[in-house]
Amino acid sequence: MSDVVPLTGEPLALDLVNTRTTAGDLLATPDDLRAWLLLQADRLPDPGLLDMHDVCAVHFVREHAANAIERACHGERPADPDLAALNDAQRAAPAITELTWDGIAVTGVRRRTGPPGAQLAGQLAEAAADLLADPSVTRIRQCEADDCVLLFLPAHPRRRWCSAARCGNRVRVARHYQRRKGPGVSGA
């Protein structure tokens, strides 16, 4: 993974889309994907060994999720091929609620079947489907920092940046510098 730390804490589908930054692809290799999955450990189980085929499956879901989210957040209908691709990724690793007896009661854990890469792609496609079906999808915004392409779902309507620490501080420092520099003075 590059020196850029991925933005996490947004809905999982946005965290996935946000791995495409102006600095490049944060999921370019199996090691990059594994590092990102460690950041998502509370939401995604460890898929085991990963290879470039698995990275490609995640890229496929990310691309179609990004396209569908882009349209849906503007109140537009996502393209049929994007929705079909997300549905196909989920079908490739069907999910079941696996029932077990824990000695006191029946418990159910949602599990996907299939190869690890297909399971991971299916989980990510399901996260994209959940977000796309949520009415809050129209509240998704792109960071207002000039050099940032990251998306976020604001909890507060006045939120303007993907992260106050990442872009917010940088924008505020630049504005402060411009005020201190004064009008009519240009930088080289």
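I began with the lining of the largest pocket and sorted its residues: five are nonpolar, two are polar and six are charged. The model is a predicted one, and I keep that in mind throughout.

**Entry 1: the largest pocket**

I looked up the volume next. The largest pocket holds about 260 Å³. Its lining has 13 residues, and those closest to the centre are Pro-45, Arg-110, Arg-111, Arg-112 and Gln-123. Which elements give two or more residues to this lining? I found β4 and α5. Helix α5 has the largest share, with five residues.

**Entry 2: the second largest pocket**

I moved on to the second largest pocket. Its space comes to about 160 Å³. Eleven residues line it, and I noted Thr-21, Thr-22, Asp-147, Cys-148 and Arg-166 as the closest to its centre. Helix α6, residues 164–181, gives the largest share of this lining, three residues. I sorted this lining too: six residues are nonpolar, two are polar and three are charged.

Rolling a probe the size of a water molecule over the atoms shows where empty space is left.

**Entry 3: helix α5**

Helix α5 lines the largest pocket, and I wanted to check its length. It runs over residues 116–133, which is 18 residues. At 1.5 Å a residue, α5 should span 26 Å. I looked up the distance between its end C-alpha atoms and found 26 Å, so the two values agree.

Which residues of α5 are buried? I listed Gly-117, Leu-120, Ala-121, Gly-122, Leu-124, Ala-125, Glu-126, Ala-127, Ala-128, Leu-131 and Leu-132. Glu-126 is one of these buried residues, and Glu counts as charged.

I recalled a rule for reading such a list. An α-helix has 3.6 residues a turn, so residues three or four places apart point the same way.

**Entry 4: the whole chain**

Last, I stepped back to the chain. I counted six helices and six strands. From the N terminus, their order is α-β-β-α-α-α-β-β-α-β-β-α. The chain has 188 residues, and 38% of them are buried.

Residues 24 or more positions apart account for 50% of them. The accessible surface comes to about 10800 Å², and carbon and sulfur atoms own 56% of that.

Notes:
Residues are numbered from 1 along each chain as its sequence is written. This is a predicted model: local features need pLDDT of at least 70, side-chain atom pairs count only at pLDDT 80 or more; totals for chains, interfaces and linings use all residues. Side-chain values use heavy atoms; hydrogens and water are left out. Helices (H or I, at least four residues) and strands (E, at least two) are DSSP runs, numbered from the N terminus. Buried means under 20% relative accessible area, exposed over 50%, partly exposed in between (1.4 Å probe, protein chains only). Contact means heavy atoms within 4.5 Å. Accessible areas come from the Shrake-Rupley method with a 1.4 Å probe; for residues, only the protein chains shown count as cover. The expected span of a helix is 1.5 Å times one less than its number of residues. On a 1 Å grid over the protein atoms alone, a cavity is a set of points where a 1.4 Å probe fits but cannot get out, and a pocket is an open set with protein on both sides within 12 Å along at least five of seven lines; lining residues have an atom within 4 Å of a point. Grid points are joined across faces, edges and corners, and a volume is the space filled by probe spheres set on the points.
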